[in-house]
Amino acid sequence: MQTNVKHTKEPLITITSRGRDSMPMKKAWGVRAIAIILAFILCAVVIVMVTGYNPLKVYAELFKGSFGSSRKIWNMLQELSMLLCISLAVTPAFKMKFWNIGAEGQTLMGGLAAAACMIYFGEKLPPIVFFPLMLVACVVAGLVWGIVPAYFKAKFNTNETLFTLMMNYVAVQLTSFCIVFWENPKDSNTVGVINRATQSGWLPELFGQKYLLNILIVALITVGMYIYLKYSKHGYEISVVGESENTARYVGINVKKVILRTMAISGALCGIAGLLLVSGTDHTINRDIVGGMGFTAIMVSWLAKFNPVVMSLTSFLIVFLERGAGEIATKFQLNESMSDILTGIILFFIIGCEFFIQYKVNFRKKNKEENV
Amino acid sequence: MIATILNKAIAQGIPLLFGSTGEILTEKSGNLNLGIPGIMYMGGSCGIIGAYLYEQMVEVPNAFWGILIPLLASLIGSTLAALIYSFLTITLRANQNVTGLALTTFGVGFGDFFGGSITKIFANGGTLSVKTTADFFKTTLPFADDLGWFGEIFLSHGFLAYVAVIIALVAAWVLNHTRVGLHLRSVGENPATADAAGINVTKYKYLATCIGGAIAGLGGLFFVMDYTGGSWTSGGFGDRGWFAIALVIFALWKPNVGILGSFVFGGLYIAYTYIDGLSRSAVAIFNMLPYVVTIIVLILTSVRNKKENQPPASLGLPYFREER
């Protein structure tokens, strides 16, 4: 086939979507594992460059941060369950492609409601009345914070990412406002431990473990969310709206209703996370009580591909890293922020590796006959 | 008194102005870079590290190198951060929100780590302070003191403040009156159409994000070198990065409106210190104002639905030729 047509140069790399014949599950997890290993190697390089310590020794410390003692294991499980709870909360909205980055504020509002209940009613009402009341208050507080942006998104297509982001800071200032009235002792600008003497309004200990109830509640929510997303009609509607709003409309799904309902669930779950945080863990309230978990949760949920069960693994990874890096920081007298750098590097690698799972990279083949 | 308040408001507003101008350029290319807070931290910390190393190297720092080295260090740091974001979101088509948040985690950690322990790495500890170099940044215009209130409000700032205003004006002009700006806007509105018209979408997205990041990083540099006078406190930059993103909305994606907006925001940031008899609870409500105002602006623009005041249509969405 001799022609005189000049071929334009084929590009060196072409990228095609894998589309339907997606990478098999095992291979995909292999790619992710490689990415995490590469990330750990890079982190080791960074640690050696900055500190000059033997990275293996540093990694041993990293492990100790989560598994060093039984107290540390419980603390790790507690942090894991809190992060997991907020991650579960943001998941339905994300699956719908509603970019709710306001989990921080929604959780804080839940915590604020819990603190208010504990302060005003904790010692007055019997537990059988008090706990349902607190639950309702927290759910409503988180729900309101979530549904307001959803309403404007559904009605006027207001950008939800920016709206929910701003709502976070409104919640933070509202907390500062409340702290002024609740501060204890006077003029300390902190609330202190609420009902320290009577422990009324605190979530009870189970089998002598103060965090066990928290952990069990979150485990229940995890299973519930898995079933909700996978087997319920709501879950199906969420994934259709997430794939394509037009398709959803075409098959007769009321998109606005789904948006409002899903964000209500998201916000309500964040409110429950706030309850667990205030009533079940810290027994106090301050501006930073959520501590950025609302943002981390987004990454946890996304890394797990919105699968609640996988999410327990990804949130473990994050908590493990943060605790480990904190341990390294104290042991080698480094600045605590080292953990953020390491977490950042690992996240970059995991985020980047998804590309190689979703797309196929084809290099230009050397084809001798083509050189006419 | 009023002159002092306005002066302080402008000084508070400048980091926000840098941040929002950078983010506007980025968003105009369709990239919602939530890594801006991290990038600003990186810009600030790289700048102060550059200044520190320079002060360690020479006996008597001179003004030329004392300004150039931190400036370059800051630009390199923030551009590299923006490059990570660009590579992940544009080339590897990762989710923009997740990548941005990861970058913020990384950048804030980077800033606080190196800002807090650079002296430990290179010497035997102590707090980081580069007052000599910072004074070069703070040098005001020579005739500022002779012009009364006008001088105090407008002329008594370090040179970076004027750079911020100039960059914002230039950015507004480029966006609205040049071919490059037209192309950039079309990439942000509808990348598929822009691609069909022969515009190199990838190139525009990369350049806008990296240049935007570099500009935002200067906000961090201004904060550490001019505003705090060459010292680093952990978390000292606060939530100014998110504030800058709020300002983008407030300014309706127009850099020239951002100039005025940044001064208004800066004023709101400090106004409570100048009102007598404000209780602490009132201060908390006062600090809520900028965010509430931003939310109201966001709602109003979407309700009125005027074409020229909308966010770029493809904001936050990835673009891949094959997926049309």
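**A loop residue and its surroundings**

Mentor: Let's start with A:Phe332, which counts as partly exposed because 16 other C-beta atoms sit within 10 Å, and a residue needs 20 or more to be buried. Keep in mind that this is a predicted model. A:Phe332 sits in the loop between α12 (308–331) and α13 (338–358) of chain A. If you set aside residues up to four places away in sequence, A:Phe332 touches A:Thr51 and A:Tyr53. For a sense of distance, take A:Leu303, which is 29 residues away from A:Phe332 along the chain: the two C-alpha atoms are separated by 30 Å.

For chain A as a whole, 45% of the 372 residues count as buried. The chain has 13 helices and two strands. Look at its contacts between residues at least 6 apart in sequence, and you'll find that 78% of them join residues at least 24 apart.

You'll find A:Val241 in helix α8 (residues 233–243) of chain A, and it counts as buried because 22 other C-beta atoms lie within 10 Å. Leaving out neighbours within four places in sequence, A:Val241 is in contact with A:Met96, A:Ala248, A:Ile253, A:Val255 and A:Val258. A:Asp340, on the other hand, is 99 residues from A:Val241 in sequence and 34 Å from it in space, C-alpha to C-alpha.

Over to chain B, and two loop residues there. B:Arg93 lies in the loop between α3 and α4 of chain B, and its phi is positive, about 55°, although it is not a glycine. It has 18 C-beta neighbours inside 10 Å, so B:Arg93 counts as partly exposed. B:Leu252 is in the loop between α11 and α12 (255–270) of chain B. Phi of B:Leu252 is also positive, near 55°, and again the residue is something other than glycine. With 18 other C-beta atoms within 10 Å, B:Leu252 is partly exposed.

How do the two chains meet? The contact takes 41 residues from chain A and 45 residues from chain B. On the chain B side, the elements giving two or more residues are α3 (63–91), α4 (96–122), α11 (240–250) and α13 (280–304). The largest share, 15 residues, comes from α4(B). By type, that side of chain B divides into 27 nonpolar, 12 polar and six charged residues.

One last stop, a helix pair inside chain B. Helix α1 (residues 2–28) and helix α10 (residues 201–227) of chain B pack with their axes 7 Å apart, at an angle of about 170°. That angle is why α1(B) counts as roughly antiparallel to α10(B). From α1(B), the residues making the contact include B:Ile14, B:Phe18 and B:Leu25, and from α10(B) they include B:Ile211, B:Ile215 and B:Phe222. Sorted by type, the residues of this contact come to 13 nonpolar, eight polar and two charged.

Technical notes. Residues are numbered from 1 along each chain as its sequence is written. Chains are lettered from A and ligands numbered from 1 in the order in which they are written. This is a predicted model: local features need pLDDT of at least 70, side-chain atom pairs count only at pLDDT 80 or more; totals for chains, interfaces and linings use all residues. Two residues are in contact if their C-beta atoms, placed from the backbone, lie within 7 Å. Helices (H or I, at least four residues) and strands (E, at least two) are DSSP runs, numbered from the N terminus. Ala, Val, Leu, Ile, Met, Phe, Trp, Tyr, Cys and Pro count as nonpolar, Asp, Glu, Lys and Arg as charged, and the others, Gly among them, as polar. Axes are lines fitted to C-alpha atoms, for helices over the stretch in contact, and angles run from 0 to 180 degrees between N-to-C directions. Angles under 35 degrees count as roughly parallel, over 145 as roughly antiparallel, 65 to 115 as roughly perpendicular and the rest as oblique. A residue is buried if 20 or more other C-beta atoms lie within 10 Å of its own, exposed if 12 or fewer, and partly exposed in between; C-beta atoms are placed from the backbone.
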